[in-house]
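Here's a quick briefing on a single protein chain. Have a look at the sequence and the fold first, then read on.

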Amino acid sequence: MEKVPMTPQGHQRLEEELKHRKSVERLEIIKAISEAREHGDLSENAEYHAARERQSFCEGRIAELEDVLSRSEVIDIKSLAGSVVKFGATVHLVDEDTDEETTYQVVGPIEADINSGRISTTSPIGRALIGKAVGESVEVTVPGGTKSYEILKVEFT
């Protein structure tokens, strides 16, 4: 079984989602299916089919969350230190072409969310940053071409 690296915050978010899906969404779906059944003929009942589809999605997500959580390896970021980028690091970068500064936290694929500033260790920029130190430049191939970044700061918070 392959371990899934995860931050404590990411692990907590997944546990909360699992709890919500089991204790709230399941009950809502069961109620929706019950109400739709009362409307009669199930073969032409769009509400029933929509509720069953929602149930299927929810149960699939519950199974996925249980699998990931059972294989998770929670890594305490606060116990890490140094100036080299590794899992859990918050990296401050500057685009060498535009001088635009960006900050990312390097996390596992399950936790990645570019809109929240969390990039995966398996993403092109994540792979380019791993093992690099403050002051080094990295080149990343992105859909629009190649971008160059300089690492300004590495934190473990």
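Let's start inside helix α1, where the buried residues are Gly 10, His 11, Leu 14, Leu 18, Arg 21, Glu 25, Ile 29, Ile 33 and Ala 36. Buried here means under 20% relative accessible area, exposed means over 50%, and partly exposed is in between (1.4 Å probe, protein chains only). Keep in mind that this is a predicted model: local features need pLDDT of at least 70, side-chain atom pairs count only at pLDDT 80 or more, and totals for chains, interfaces and linings use all residues. Residues are numbered from 1 along each chain as its sequence is written, and side-chain values use heavy atoms, with hydrogens and water left out.

**Helix α1**
- The cover over the buried residues of α1 includes β1 (4-6), α2 (46-71) and β2 (72-74).
- Helices (H or I, at least four residues) and strands (E, at least two) are DSSP runs, numbered from the N terminus.
- With 30 residues (8-37), α1 reaches 42 Å from its first C-alpha to its last, close to the 44 Å expected at 1.5 Å a residue. That expected span is 1.5 Å times one less than the number of residues.
- A kink of about 35° is centred on Arg 21 in α1; the bend at a residue is the angle between axes fitted to the seven residues ending there and the seven starting there.

**Helix α2**
- The end C-alpha atoms of α2 are 38 Å apart, which agrees with the 38 Å its 26 residues should span at 1.5 Å a residue.
- Its buried residues are Tyr 48, Ala 51, Cys 58, Ile 62, Leu 65, Val 68, Leu 69 and Arg 71, and they pack against β1, α1 and β2.
- Asn 45 caps the N-terminal end of α2, with a side-chain oxygen 3.1 Å from the backbone nitrogen of Glu 47.
- Arg 71 lies in α2 and counts as buried because its relative accessibility is 17%.
- Setting aside neighbours within four places in sequence, Arg 71 is in contact (heavy atoms within 4.5 Å) with Met 1, Glu 2, Lys 3 and Val 4.
- The C-alpha atoms of Arg 71 and Met 6 are 10.0 Å from each other, though the two residues are 65 apart along the chain.

**Two loop residues**
- Asp 99 is in the loop between β3 (90-95) and β4 (101-107), and it's exposed, with a relative accessible area of 59%.
- Most residues other than glycine have a negative phi.
- Ser 123 sits in the loop between β5 (118-120) and α3 (124-129), and it counts as buried at 17% relative accessibility.
- The side chain of Ser 123 reaches the backbone oxygen of Ser 120 at 2.8 Å.

**The whole chain**
- The protein has three helices and seven strands, running β-α-α-β-β-β-β-α-β-β from the N terminus on.
- Its radius of gyration is 21 Å, whereas a compact globule of 157 residues would have one near 15 Å. The radius is taken over C-alpha atoms, and the globule rule is 2.2 Å times the number of residues to the power 0.38.
- Along its principal axes, the C-alpha trace spans about 70 × 35 × 25 Å.
- Of the 157 residues, 35% count as buried.

How values were computed:
Polar contact = N/O pair within 3.5 Å; in protein donor to acceptor, adjacent residues only side chain to side chain.
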